[in-house]
Amino acid sequence: MDALSGAGPRRARGRLGAASPGARAAGAPWARFSAWLECVCVVTFDLELGQALELVYPSDFRLTDKEKSSICYLSFPDSHSGCLGDTQFSFRIRQCGGQRSPWHAEDRRYDSGAPVSLQREPAHYFGYVYFRQVKDSSVKRGYFQKSLVLVSRLPFVRLFQALLSLIAPEYFDKLAPCLEAVCNEIDQWPAPVPGQTLNLPVMGVVLQVRVPSRMDKPEHSPPKQCSHENLLPAPVVLTSVHELDLFRCFQPVLTHVQTLWELMLLGEPLVVLAPSPAMSSEMVLALISCLQPLKFCCDYRPYFTIHDSEFKEFTTRTQAPPNVVLGVTNPFFIKTLQHWPHILRVGEPKMSGDLPKQVKLKKPSRLKTLDTKPGLYTAYSAHLHRDKALLKRLLKGLQKKRPWDTQTALLRRHLLELTQSFIIPLEHYMASLMPLQKSITPWKTPPQIRPFRQDDFLRSLEHAGPQLTCILKGDWLGLYRRFFKSPHFDGWYRQRYKEMAHKLEALHLEAICEAQNIEAWMKDKSEVEVVDLVLKLREKLVQAQGHQLPVKEATLRQAQLYIETVIGSLPKDLQAVLCPP
């Protein structure tokens, strides 16, 4: 699979080298580069080997053989797609085991400030692909076929597509030297900091982006960006690093957007069969973005092929289909995944003034032949009634030639309000499980968060349910009951419980630091109890300094002072143990 597997890795920073197995060495001088990208790959078509990894840059970034194989197969469109010219798409692969490069403090800082749906992937790589296939008489097969792939843990599809649009055409003309220069430029970029607007220079162009923050209020349209510098050339402003044109992606399924939203919310297995990797990957990414600001907790593959290492795992009939959203282009999957409960087949988009032809809801039993017509093949009945007013507004917008970004904003706002209406009652109930602040005292273990009781929550919906913020009628209770069994409830609950536990620890630390009588408390305590307090305070301090606890700097200073005071009251031998030289 690896065309240059015989060449050893070169550690020099500025050299392009062959791919090599394993993990990037800890001392690699690519800290700024790796804040954005793991590596850049070039995949070519070799007559003897098929798809082959031509190079990986930086050369000391190591991929396992399994990861190399996945990148090679997923970087080329399926033969059924017939993509001529240039095309862009994306994929997502599972990271293989083995030693990985340690995460920097900047990674943790980014994740602590980023929305949960945009945090770095801990166990998967994203691949952003720019593929070119053009006639070339100098090549034996008669075609030039090559892909440039950006591998990252960040789900910044818009940013990396824009970056590829700049560098890939240039690379295909000038090859290695151009790529080396680009990677060195990226290595000068500032790290992604949530809430900041950054200027990212590359190839004579400045991309201006704003990195989303978890403190952002949900926007119906992206915030306007402004540069504080007189940049020449003027920056190319990207309105978002991650948001796709939802209206364009969902054109053929607008009448079923709410059904698809429910399927995503419940983590149902879904196959998207599209004519090209570009369409399959965009549809999958659009579907999982429906739940924002809720984190999508299931697996998803924007583009998947029969060569994937998980093909058998996903297609087995000996167990229920996994909670995965798969984007495929090979009609063979209709037969292979016939037992999956939901299959969405979309055709080529037809651009016209009217609403594009909508796919129809069809029973799974109709899914028999490889030339099956476009449609949503499912036996699922939506719990909520369709929002007909939204469809009318979108159709009217098409007739009046309303700008597409306005149509997308309308659709995004609808999905955001739907998700918020569903989640807000859960948030309110979860907040009621938090112990009262007055029950948190300095010298006692903080009280526990009360357990989440589903029946109590369902009873609370009568006076504090989604009907307060959403006009849609339907079986909301039935939807919540199914949601409780989904991976998304588990993911949401674990995240909220963790945040509340950290808040509880922070309040307890503040209570200790605000107590004025630590000397009085120590008078009647044994050395074991005093040492226990030191160890607990230190643990809380380490957590807080690692951005795990939401506490003020003044509280941290006071905690450190208390630790020093308490240690100073102990015998010299214990002081030596707690504060070794």
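User: Quick one to start: which residue stands opposite L200 in β7?

Analyst: L207 does. Keep in mind that this is a predicted model.

User: Noted. How do β6 and β7 run, and how many bridges join them?

Analyst: They run antiparallel. Strand β6 covers residues 197-202 and strand β7 covers residues 205-210, with 6 bridges between the two.

User: What do β6 and β7 form, and what sits in the turn?

Analyst: They form a hairpin. There are 2 residues between the strands. M203 is in that turn, and its phi is positive, about 50°.

User: Switching to holes. How many cavities of 30 Å³ or more turn up?

Analyst: The search covers the whole structure and finds 2. The largest cavity has a volume of about 50 Å³.

User: Which residues line the largest cavity?

Analyst: The lining is L254, T255, V257, Q258, R386, D387, L390, L391 and H414. By class, that gives 4 nonpolar, 3 polar and 2 charged residues.

User: Which helices supply at least two residues of that lining?

Analyst: α7 (257-265) and α11 (388-399) each do.

User: Where is L254 found?

Analyst: L254 is in the loop between α6 (246-250) and α7. L254 has a relative accessible area of 5%, so it is buried.

User: How far apart are L254 and L391, in sequence and in space?

Analyst: They are 137 residues apart in sequence. In space, the C-alpha to C-alpha distance is 7.3 Å. Both residues belong to the lining of the largest cavity.

User: New topic, cysteines. What does the disulfide count come to?

Analyst: The count is 0.

User: Is C298 buried or exposed?

Analyst: C298 counts as buried, because its relative accessibility is 7%. The cut-off for buried is under 20%. C470 is buried too, with a relative accessible area of 13%.

User: Now the rings. How many aromatic pairs are there?

Analyst: The count comes to 36. One of them is Y171 with F172, a tilted pair. The ring centres are 5.9 Å apart, with 55° between the planes.

User: Are Y171 and F172 buried or exposed?

Analyst: Y171 has 1% relative accessibility, so it counts as buried. F172 is at 8%, so F172 counts as buried as well.

User: What about F296 and Y300? Why is that pair edge-to-face?

Analyst: The planes of F296 and Y300 are at 80°, so the pair is edge-to-face. Angles over 60 degrees get that label. The ring centres of F296 and Y300 are 5.8 Å apart. F296 and Y300 are both buried.

User: Last one. Which residues form one aromatic cluster?

Analyst: The cluster is W261, F422, Y429, F452, F457, Y480, F483, F484, F489, W492, Y493 and Y497.

Note on methods: Residues are numbered from 1 along each chain as its sequence is written. This is a predicted model: local features need pLDDT of at least 70, side-chain atom pairs count only at pLDDT 80 or more; totals for chains, interfaces and linings use all residues. Side-chain values use heavy atoms; hydrogens and water are left out. On a 1 Å grid over the protein atoms alone, a cavity is a set of points where a 1.4 Å probe fits but cannot get out, and a pocket is an open set with protein on both sides within 12 Å along at least five of seven lines; lining residues have an atom within 4 Å of a point. Grid points are joined across faces, edges and corners, and a volume is the space filled by probe spheres set on the points. Helices (H or I, at least four residues) and strands (E, at least two) are DSSP runs, numbered from the N terminus. Ala, Val, Leu, Ile, Met, Phe, Trp, Tyr, Cys and Pro count as nonpolar, Asp, Glu, Lys and Arg as charged, and the others, Gly among them, as polar. Two strands pair if DSSP finds at least two bridges between them. A disulfide is a pair of cysteine sulfur atoms within 2.5 Å. Buried means under 20% relative accessible area, exposed over 50%, partly exposed in between (1.4 Å probe, protein chains only). Rings of Phe, Tyr and Trp (its six-membered ring) pair if their centres lie within 6.5 Å; planes under 30 degrees apart count as stacked, over 60 as edge-to-face and the rest as tilted.
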